[in-house]
Amino acid sequence: KQLSAEAINNPVPHFFMAEIYILIGQTKEALNELAKADLKAKVAGDTDFAELHFFYAQVLLDQGDKDRAIEQYDKLFYLIENDIDALNQLKNIYSELNLSAKSKEISDHIAQLESLNEAILDDDGYNDSSIEEESEELN
């Protein structure tokens with residue numbers, strides 16, 4: 001509690017307190033800490049982090065609160081929107097929750113990212129033939 005008092009706008013101490021509460025079986029207290037962390041992350045956006053929303057969503061799901069868990073997963077999306085591995089995990093979670101529209105939206109987003117990555121690599125000349133050509137020019 002002293003940590004959270006010292007870091008008044010930082011959600012991290014609340015996140016760690018919530019993890020501790022979960023470990024000792026005090027879910028209600030954990031949810032209170034996660035709600036505080038979520039609010040602080042919203043107010044001071046530069047302190048937001050993906051693990052908060054993933055963990056919060058998991059705790060909410062464990063408590064049967066699917067709607068609020070989905071809200072947390074939706075927040076998570078914006079923090080991981082350029083991380084293909086994390087997006088694949090989120091897509092799988094949405095599939096498990098029978099949210100096919102959200103799962104498809106993420107699949108489409110991943111496809112766009114992969115196309116963009118390929119285009120960037122092609123534009124920068126990162127293919128085998130151009131690397132060989134550059135190497136020959138240097139020699």
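**Stop-by-stop tour**

Start with a preview of the pocket: the lining of the largest pocket divides into 7 nonpolar, 1 polar and 2 charged residues. Keep in mind that this is a predicted model.

**Whole chain.** Show the cartoon. The protein chain has 8 helices and 0 strands. Read from the N terminus, the elements run α-α-α-α-α-α-α-α. Now colour by accessibility. Of the 139 residues, 34% count as buried.

**Largest pocket.** Select A50, E51, F54, L76, I80, D83, A86, Q89, L90 and I93; these residues line the largest pocket. Which elements give two or more residues to this lining? They are α4 (50-62), α5 (66-80) and α6 (84-96). Colour the three helices separately. The helix α6 gives the most to the lining, with 4 residues. The space in the largest pocket comes to about 180 Å³.

**Surface patch.** Clear the selection and pick I20, L23 and I24. These residues form a nonpolar patch on the surface. Together they have about 340 Å² of accessible area.

Zoom in on L23. This residue lies in helix α2, which spans residues 12-23. Is L23 buried or exposed? L23 counts as exposed because its relative accessibility is 74%, and the cut-off for exposed is over 50%.

**Last view.** Show both selections at once: the lining of the largest pocket, with A50 and I93 among its residues, and the nonpolar patch of I20, L23 and I24.

Definitions and conventions: Residues are numbered from 1 along each chain as its sequence is written. This is a predicted model: local features need pLDDT of at least 70, side-chain atom pairs count only at pLDDT 80 or more; totals for chains, interfaces and linings use all residues. Side-chain values use heavy atoms; hydrogens and water are left out. On a 1 Å grid over the protein atoms alone, a cavity is a set of points where a 1.4 Å probe fits but cannot get out, and a pocket is an open set with protein on both sides within 12 Å along at least five of seven lines; lining residues have an atom within 4 Å of a point. Grid points are joined across faces, edges and corners, and a volume is the space filled by probe spheres set on the points. Ala, Val, Leu, Ile, Met, Phe, Trp, Tyr, Cys and Pro count as nonpolar, Asp, Glu, Lys and Arg as charged, and the others, Gly among them, as polar. Patches are made of residues with over 30% relative accessible area and no salt bridge: like charges are joined within 9 Å, nonpolar side chains (Val, Leu, Ile, Met, Phe, Trp, Tyr) within 5 Å. Accessible areas come from the Shrake-Rupley method with a 1.4 Å probe; for residues, only the protein chains shown count as cover. A salt bridge is a side-chain nitrogen of Lys or Arg within 4 Å of a carboxyl oxygen of Asp or Glu. Buried means under 20% relative accessible area, exposed over 50%, partly exposed in between (1.4 Å probe, protein chains only).
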